[in-house]
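Thanks for making time this morning. I would like to walk you through one structure, beginning with a single residue and then widening the view to the chain.

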Amino acid sequence: MTTERQVTSFEALGTFNGRGSSPARLVGPGPAGSERFYVNYFYHQSTDLVAYHPDGEHFDIWTSSEGGAWAMAVSPQGNLYLGTFHQGHVLKLDVEASMLTDLGQAVPGDTFVWSYTVGTDGLIYGGTSSNAHLFSIDPTTDLITDLGR
């Protein structure tokens, strides 16, 4: 059950330390029907995916050696998919199992996954750089298909 509260002002939740940025963020599902605010923090050679709980006091962190993520989407099954840069990998957060998995490079040779959208067919579509490929992810099997340029 989600309890709504009226917010009348901003509140400082912490201080950003170190060099990095947060190129991708979204509100998505948490375990057992809850919600989380997901933020991808990018550092020089790694990325942290942080899920902030609605209470504003608790959070979960998953770390990957991938450089960072521009693309984030929630699948119809309720899992979170990230598209990374520097290596162009697809990461999947299984929300219920609390497990982050690297599904591999979206398109061999392409190093950036820029954006995702979820199609009416239930597939997740993404675009890459530097060769401008379109690819799809079937979230029921995690099969990645290069659809070409």
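**A glutamate in a loop**

Let me start with E66, which lies in the loop between β4 (59-64) and β5 (69-74), where strands are DSSP E runs of at least two residues, numbered from the N terminus. Please keep in mind that this is a predicted model, in which local features need pLDDT of at least 70 and side-chain atom pairs count only at pLDDT 80 or more, while totals for chains, interfaces and linings use all residues. Residues are numbered from 1 along each chain as its sequence is written, and side-chain values use heavy atoms, with hydrogens and water left out.

E66 is buried, that is, under 20% relative accessible area with a 1.4 Å probe, protein chains only. What does the side chain of E66 make a polar contact with? The partner is the side chain of T84, at 2.7 Å, a polar contact being a pair of N or O atoms within 3.5 Å, one able to donate a hydrogen and the other to accept it, and residues adjacent in sequence counting only if both atoms are side-chain atoms.

Leaving aside neighbours within four places in sequence, E66 is in contact (heavy atoms within 4.5 Å) with residues including T47, T84, H89 and D102. T47 belongs to strand β3, residues 47-52, and is likewise buried, with a relative accessible area of 3%.

Turning to the whole protein chain, there are 0 helices and 12 strands, and 39% of the 149 residues count as buried.

Technical notes:
Helix = DSSP H or I, 4+ residues; strand = E, 2+ residues; numbered from the N terminus. Buried < 20%, exposed > 50% of the residue type's maximum accessible area, 1.4 Å probe, protein only. Lys, Arg positive; Asp, Glu negative; His and termini not counted. Salt bridge = Lys/Arg side-chain N within 4 Å of Asp/Glu carboxyl O.
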